[in-house]
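Visitor: I would like to go through the labels used for this model and ask what each one rests on.

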Amino acid sequence: MWKALGEGKLLLKIFTDFYTWVFTDPKLSPFFKHTSLDRAIGKPYNFFEEILTGKKVYLGFYPRTAHHWMVIDDELFDYRERKMEETLRKYGLAEKYVKRMMDISESYRKMMVKT
């Protein structure tokens, strides 16, 4: 899959597009008001790079800790996921890889969503 993501080049384009949108979205941008766009792109990029390659490149907190202060319900999580899926497809990622990326993201739902 890392190869399908251009050894990370395509993933960087996808995350740059996605988080640029996030920074303008009224539902998601409040979660990023104390961080830079570069950091918002870099952290998930490194997180996914580590998941997909096995290289120890991610130096941040894992989802449960990184998002502990955020009040994210299922509706907001789904909203974010729909936009991410749309962005992955926009860049022509093969469906099997779109599904894999979304499955990875979904696997962290229980750590991030709060009732």
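**Labels and cut-offs**

Guide: Phe47 and Tyr108 are both buried. The model is predicted, local features need pLDDT of at least 70, side-chain atom pairs count only at pLDDT 80 or more, and totals for chains, interfaces and linings use all residues. Residues are numbered from 1 along each chain as its sequence is written, and side-chain values use heavy atoms, with hydrogens and water left out.

Visitor: Why does Arg109 count as buried?

Guide: Buried means under 20% relative accessible area, exposed over 50%, partly exposed in between, with a 1.4 Å probe and protein chains only. Arg109 has 15% relative accessibility, so Arg109 counts as buried.

Visitor: What makes Phe47 and Tyr108 an edge-to-face aromatic pair?

Guide: Rings of Phe, Tyr and Trp (its six-membered ring) pair if their centres lie within 6.5 Å; planes under 30 degrees apart count as stacked, over 60 as edge-to-face and the rest as tilted. For Phe47 and Tyr108 the values are 5.4 Å centre to centre and 65° between the planes, so the pair is edge-to-face.

Visitor: Why does this pair tie together parts that are 61 residues apart in sequence?

Guide: Because Phe47 lies in helix H2 and Tyr108 in the loop between helix H5 (95–106) and H6. Helices here are DSSP runs (H or I, at least four residues), numbered from the N terminus.

Visitor: How do you know that the charged end of Lys83 sits over the ring of Trp21?

Guide: The rule asks for NZ of Lys or CZ of Arg within 6 Å of the ring centre and within 35 degrees of the ring normal. The charged end of Lys83 is 5.0 Å from the ring centre of Trp21 and is listed as sitting over the ring.

Notes:
Helices (H or I, at least four residues) and strands (E, at least two) are DSSP runs, numbered from the N terminus.
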